[in-house]
Amino acid sequence: LELAPHYHTGIVVGHTVKGAWRYRENNWVSRAGDTVYEVAGSRHTPESVEDTEVFFFIVGELLFIDENNTI
């Protein structure tokens, strides 16, 4: 499963409850028990590596980006 590319105007903290996921733009994988911190202004494309549950705490807007790189 993959979520569309998006942009955050504020910080995001994600805690992986079960499974594993990553951002296509990076080479790390977040697994159950891991916590990920995203800085404001980050742009990425999350995808699950297996059946996954993540709790996200989001500050600010979550803006999706289309194939023309526009919000």
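Me: Which side chain does R22 meet in a salt bridge?
Reply: R22 meets the side chain of E47 in a salt bridge, at 2.8 Å from N to O. A salt bridge here is a side-chain nitrogen of Lys or Arg within 4 Å of a carboxyl oxygen of Asp or Glu.

Me: Where do R22 and E47 sit in the chain?
Reply: R22 is in strand β3 and E47 is in strand β7, 25 residues apart, so the pair links distant parts of the chain. Strands are DSSP runs of E with at least two residues, and helices are runs of H or I with at least four, both numbered from the N terminus.

Me: What kind of model is this, and how are residues numbered?
Reply: This is a predicted model: local features need pLDDT of at least 70, side-chain atom pairs count only at pLDDT 80 or more, and totals for chains, interfaces and linings use all residues. Residues are numbered from 1 along each chain as its sequence is written, and side-chain values use heavy atoms, with hydrogens and water left out.

Me: Is R22 buried, exposed or partly exposed?
Reply: R22 counts as partly exposed, at 23% relative accessibility. Buried means under 20% relative accessible area, exposed means over 50%, and partly exposed lies in between, with a 1.4 Å probe and protein chains only.

Me: How many salt bridges does the count come to?
Reply: The count comes to three salt bridges. One of them joins the side chains of D51 and K18, at 3.2 Å from N to O. D51 is in the loop between β7 and β8 and K18 is in strand β2, 33 residues apart.

Me: What else does K18 meet in a salt bridge?
Reply: The side chain of E53, at 3.9 Å from N to O. E53 lies in strand β8 and K18 in strand β2, so this pair ties together parts that are 35 residues apart in sequence.

Me: New topic. What order do the strands of the open sheet have?
Reply: The open sheet of three strands has the order β5-β2-β8, with antiparallel pairing. Its edge strands are β5 (35-38) and β8 (53-58), each pairing on one side only. Two strands pair if DSSP finds at least two bridges between them.

Me: How many bridges does β2 have with β5, and how many with β8?
Reply: β2, residues 12-18, pairs with β5 over four bridges and with β8 over six bridges. Facing β5, V13 has Y37 as its bridge partner, and G14 stands opposite V36. In β8, the bridge partner of K18 is E53.

Me: Back to β3. Which strand forms a hairpin with β3?
Reply: β4 forms the hairpin with β3, with six residues between them. β3 (residues 20-23) and β4 (residues 30-31) pair in the antiparallel sense over two bridges, and W21 stands opposite S30 in β4. β3 also pairs with β7 (residues 46-48), antiparallel, over three bridges. There Y23 stands opposite P46.

Me: How many aromatic pairs does the structure hold?
Reply: Four. In W21 and Y23 the ring centres are 5.1 Å apart and the planes are at 75°, so that pair is edge-to-face. W21 and W28 have centres 5.5 Å apart and planes at 80°, so they are edge-to-face too. Rings of Phe, Tyr and Trp (its six-membered ring) pair if their centres lie within 6.5 Å; planes under 30 degrees apart count as stacked, over 60 as edge-to-face and the rest as tilted.

Me: Which residues form the aromatic cluster?
Reply: W21, Y23, W28 and F56 form one cluster. W21 is buried at 3% and Y23 is buried at 4%, whereas W28 counts as partly exposed at 27%.

Me: Last one. What does the side chain of H8 make a polar contact with?
Reply: The side chain of H44, at 3.3 Å. A polar contact is a pair of N or O atoms within 3.5 Å; within protein, one must be able to donate a hydrogen and the other to accept it, and residues adjacent in sequence count only if both atoms are side-chain atoms. H8 lies in strand β1, residues 6-8, and counts as buried at 3% relative accessibility.
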